[in-house]
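Me: I'm new to this structure and would like a close look at just one part of it. Please take me through the ligand site in one go.

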Amino acid sequence: MADLYQFRTAPEEPLDCVYVLYPAGTDPIADIAFDAKEKRALRAKIKNLAPRGEDGELISGECPLEIAHRITFVGLGDESTLSHGKLREALRRVMRQATKNREYQIGLAVSARIPGLSSDESRRFVLREASIADYTFDKFKSKKNEFDKIDGLHIFPLTKETEEDLELKLDSVRLLRTAIQIARDLGNRPSNDLTPERLSLAAKEVADGVTGLRVTILGKKELQKDRMGGILAVGQGSAEEPRMIVLEHRPKKPKRSVVLIGKGITFDSGGISLKPAKGMGDMKFDMAGAAAVIGVMRAVAELDLPIKVVGLVPTAENMPSGTAIKPGDIITTASGKTVEVDNTDAEGRLLLADALHYSARFNPDLIIDFATLTGACVVALGHEAAGLMTNDDELQATLRGLGERVGERVWPLPLYDEYLGYLKSDWADLKNSGDRWGGAVTAGIFLKQFVPDKASWAHLDIAGVGYLDKVHNGLPKGATGFGVVLTTAFLVDLLK
Ligand code: BES
Ligand code: ZN
Ligand code: MN
């Protein structure tokens with residue numbers, strides 16, 4: 001991926017191309033810190049090329065300034081309909097065009113404001129997405145990826161942006177970009193490459209790359225000692241042993257205590273309640289929640305936030321076999337609650353139940369879990385927002401508002417007590433799946449039974465947004481890293 005560094009007025013060598021992104025009907029360069037002479041030259045060029053700024057438009061010509069050989073105007077369409085998705089799409093178009101034209105050093109001049117966002121929020125979004133717009137996953141490709149050739153991305157400062165200002169923003173962008181990249185790379189790795197054991201190793205590597213992050217891995221023995229019957233049950237059908245990854249960031253005088261939990265099913269075949277063959281390969285993404293948590297933990301450590309943050313990743317492979325759990329089986333979770341396994345494909349909640357119970361020992365005042373938990377959530381919200389279920393109305397409002405601003409949307413679903421009735425078991429304390437209806441919320445109400453008393457808790461069902469089966473909203477196919485930006489921003493805001 002491209003290096004990310006800023007560029008001021010005179011680069012040592014001219015850029016191959018400078019890309020100017022702007023909404024239709026606006027002045028493309030009004031907000032960019034060019035001097036009067038440069039602006040005159042650029043205005044003449046604009047007159048000559050006559051770009052209209054329409055969505056999808058790309059118009060190139062010779063650059064009238066010495067800073068670059070070429071200049072390309074990139075239309076963002078109508079300003080009032082500008083969105084996170086459209087901006088991401090435009091940035092991807094830039095990367096594709098630059099690659100096609102063999103431009104290795106490119107500049108970005110972007111003046112765009114997303115309706116509803118402050119100019120600072122818009123700016124940070126643009127910088128962050130620009131930094132990751134060239135993402136591809138080519139670990140298993142003999143021929144490496146299309147965007148690899150771009151090796152310099154230069155950001156043009158805005159008129160009202162000092163050098164220090166931009167530098168600070170880029171620092172935070174670099175850090176988030178790394179975290180997102182970690183989450184996407186983990187998410188995209190196939191299940192033969194990323195087993196629960198390898199996920200544990202990956203978490204260790206992430207922790208090794210930064211100070212202030214400690215990793216402990218609970219293996220089968222430790223899980224047995226802590227009676228984590230949920231995690232053990234889910235993993236018992238696989239040749240790969242389940243684990244729990246514990247990542248801890250413990251600053252000296254923490255202001256808050258937060259636990260983040262990520263579902264880490266490295267492959268979900270459904271188990272004995274086997275899934276249909278079509279699309280089953282996508283179940284390598286069933287650890288997208290785990291990936292997000294590991295990415296966030298990296299960012300938290302790098303930011304050295306004065307919050308105690310513990311990341312819990314229960315991880316297992318859900319497989320059918322002679323040792324697998326079977327429908328009708330009754331398991332005892334770490335909390336002591338017994339669960340009738342009505343459907344072995346409702347495995348995520350079994351392992352999350354143990355992690356939620358385990359979280360109590362860290363005395364969290366706040367718990368957020370991330371899980372590709374239900375197809376029903378995808379039916380409800382498609383790929384536009386994660387389902388948000390919580391026991392705290394204020395937390396709900398905060399996450400919703402923040403999600404809209406950072407471009408990782410979450411939408412509330414209710415947790416009415418009545419839903420618990422859907423999980424009534426004749427033989428155990430509850431069963432792990434209900435009938436067809438309300439699939440996302442019955443999963444949520446199941447989890448709620450295992451949340452430690454008094455903790456605020458939010459469950460994010462990211463089944464529709466954690467990975468995509470095609471490019472959408474300017475996000476790449478495959479793992480999206482959903483949750484990394486939202487959660488990091490949320491934790492930073494907790495300190496305000
Ligand atoms: N990992 C799946 C949920 C999922 C489905 C994620 C589609 C992404 C796309 C989960 O473990 C699962 O299988 N859930 C079942 C629950 C049901 C058996 C109660 C589902 O959604 O069908
Ligand atoms: Zn699953
Ligand atoms: Mn499943």
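**The ligand site**

Reply: Ligand 1 takes up the space of the largest pocket. (A pocket is an open set of 1 Å grid points, over the protein atoms alone, where a 1.4 Å probe fits, with protein on both sides within 12 Å along at least five of seven lines; a molecule sits in it if more than half of its atoms lie within 2 Å of those points.) Keep in mind that this is a predicted model, where local features need pLDDT of at least 70, side-chain atom pairs need 80 or more, and totals for chains, interfaces and linings use all residues. Residues count from 1 along each chain, chains are lettered from A and ligands numbered from 1 as written, and side-chain values use heavy atoms, without hydrogens or water.

Around ligand 1 there are 17 residues (a heavy atom within 4 Å), and Asp268, Lys275, Asp345, Glu347 and Gly375 come nearest. That shell splits into seven charged, five polar and five nonpolar residues. On the nitrogen side of things, a polar side-chain atom of Asp286 lies 2.9 Å from one nitrogen atom of the ligand, while a backbone N or O atom of Leu373 is 3.4 Å from a nitrogen. Gly375 brings a polar backbone atom to 2.7 Å from an oxygen atom of ligand 1. On its own, ligand 1 would expose 520 Å², and the protein buries 79% of that (Shrake-Rupley, 1.4 Å probe).

Now for the metals. The zinc ion, ligand 2, is coordinated by Lys263 (NZ), Asp268 (OD), Asp286 (OD) and Glu347 (OE) at 2.0 to 2.4 Å. Along the chain, the zinc donors are spaced K-x4-D-x17-D-x60-E.

Asp268 also bridges the zinc ion to the manganese ion, ligand 3, and the two metals lie 3.1 Å apart. The manganese ion has Asp268 (OD), Asp345 (O), Asp345 (OD) and Glu347 (OE) as protein donors, 2.1 to 2.2 Å away. Here the angles among six donor atoms run from 70 to 169 degrees, and the manganese site is irregular.

Technical notes: A polar contact is a pair of N or O atoms within 3.5 Å; within protein, one must be able to donate a hydrogen and the other to accept it, and residues adjacent in sequence count only if both atoms are side-chain atoms. On a 1 Å grid over the protein atoms alone, a cavity is a set of points where a 1.4 Å probe fits but cannot get out, and a pocket is an open set with protein on both sides within 12 Å along at least five of seven lines; lining residues have an atom within 4 Å of a point. Ala, Val, Leu, Ile, Met, Phe, Trp, Tyr, Cys and Pro count as nonpolar, Asp, Glu, Lys and Arg as charged, and the others, Gly among them, as polar. Donors are N, O and S atoms within 2.8 Å of the metal (3.2 Å for Na, K and Ca); water is not among the atoms, so sites may look incomplete. Four donors count as tetrahedral if all angles lie between 85 and 135 degrees; four count as square planar and six as octahedral if opposite donors are over 155 degrees apart and all others between 65 and 115; anything else is irregular.
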